[in-house]
Amino acid sequence: MSSKLVALITMSTRGTRVGPTVSEFVQKIIEQPLASSGISVASVDLVKFNLPVYNEPVAPAMVPEKAQFKYEHSRAWSAEIAKYDGYILVIPEYNYGVAGGTKNAIDYLLNEWKGKPAAIVSYGIHGGATASEQVKGALSGMGLRVAETRPTLSFNPPDIFGAVGGGRLGEGTLKTWEAEQHEKIRKAAEDLKTLLLQPNTEVNAPKP
């Protein structure tokens, strides 16, 4: 069986953010079940690409067959996403919806993502279920195959301000996640593994 490479993408871009710590928590759980099937995980941090609101003169669907990106930030993001076989998006929820930076990064590209499998892990004051559903709809519509299991990680009430305002995950929250979300995160990895090992064909294409 040929090896596969999955990107674990931290999608938060705020100056003060808890996203990298959430991604570390997720990575510790998913690495072993994926590695057992020859699937490696690479960490990708969206903030490092410094994407402005989409400013290319061409539509993403035109790249690469009919046009090329003009700006280096777009070319760098495109090259990064294109090299993976699948994705785990760790997304924040702000104000009961998907973060603008998350949606902007998704919308920058089409063909680099299309047809590949993705899992979604959301987090926020209420766990991010609304943002997760919105991102699932967008990715499915773009032609990605989205894992059925989508963990939602909520902060314990005493830890909310530390997470949102200070970028810190409290010990209570981490213990709750370990007790209540560990198996669901592992199941999301298993779902992704199943999708990765399926051929990318019409039969396995996402249904509208």
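Predicted model: local features only at pLDDT ≥ 70, side-chain atom pairs only at ≥ 80, totals over all residues.

My search for cavities of 30 Å³ or more turned up one. I then looked up the volume of the largest cavity and got about 30 Å³.

Next I asked myself which residues line the largest cavity. I noted Ile30, Ile88, Ala119, Val121, Ile185, Ala188 and Ala189. Sorting that lining by class, I counted seven nonpolar residues, with no polar and no charged ones.

I also checked which elements supply the lining of the largest cavity. S5 and helix H7 (182-197) each put in at least two residues. H7 gives the most, with three residues.

Then I moved on to the open spaces. I read off a volume of about 310 Å³ for the largest pocket. Its lining has 17 residues, and I wrote down the ones closest to the centre: Arg14, Glu93, Tyr94, Ile125 and Val164. For elements that give two or more residues to this pocket's lining, I found strand S3 (86-94), strand S5 (117-124) and helix H5 (160-166).

Which element has the largest share of the pocket lining? I have S3 down for that, with three residues.

I got nine nonpolar, five polar and three charged residues in its lining. For the contrast, I went back to the largest cavity, where my tally of charged residues was none.

Key. Residues numbered from 1 in each chain as written. Heavy atoms only, no water. 1 Å grid on protein atoms, 1.4 Å probe; cavity = no way out; pocket = protein on both sides within 12 Å on 5 of 7 lines; lining within 4 Å. Points joined across faces, edges and corners; volume = space filled by probe spheres on them. Helix = DSSP H or I, 4+ residues; strand = E, 2+ residues; numbered from the N terminus. Nonpolar A, V, L, I, M, F, W, Y, C, P; charged D, E, K, R; others polar.
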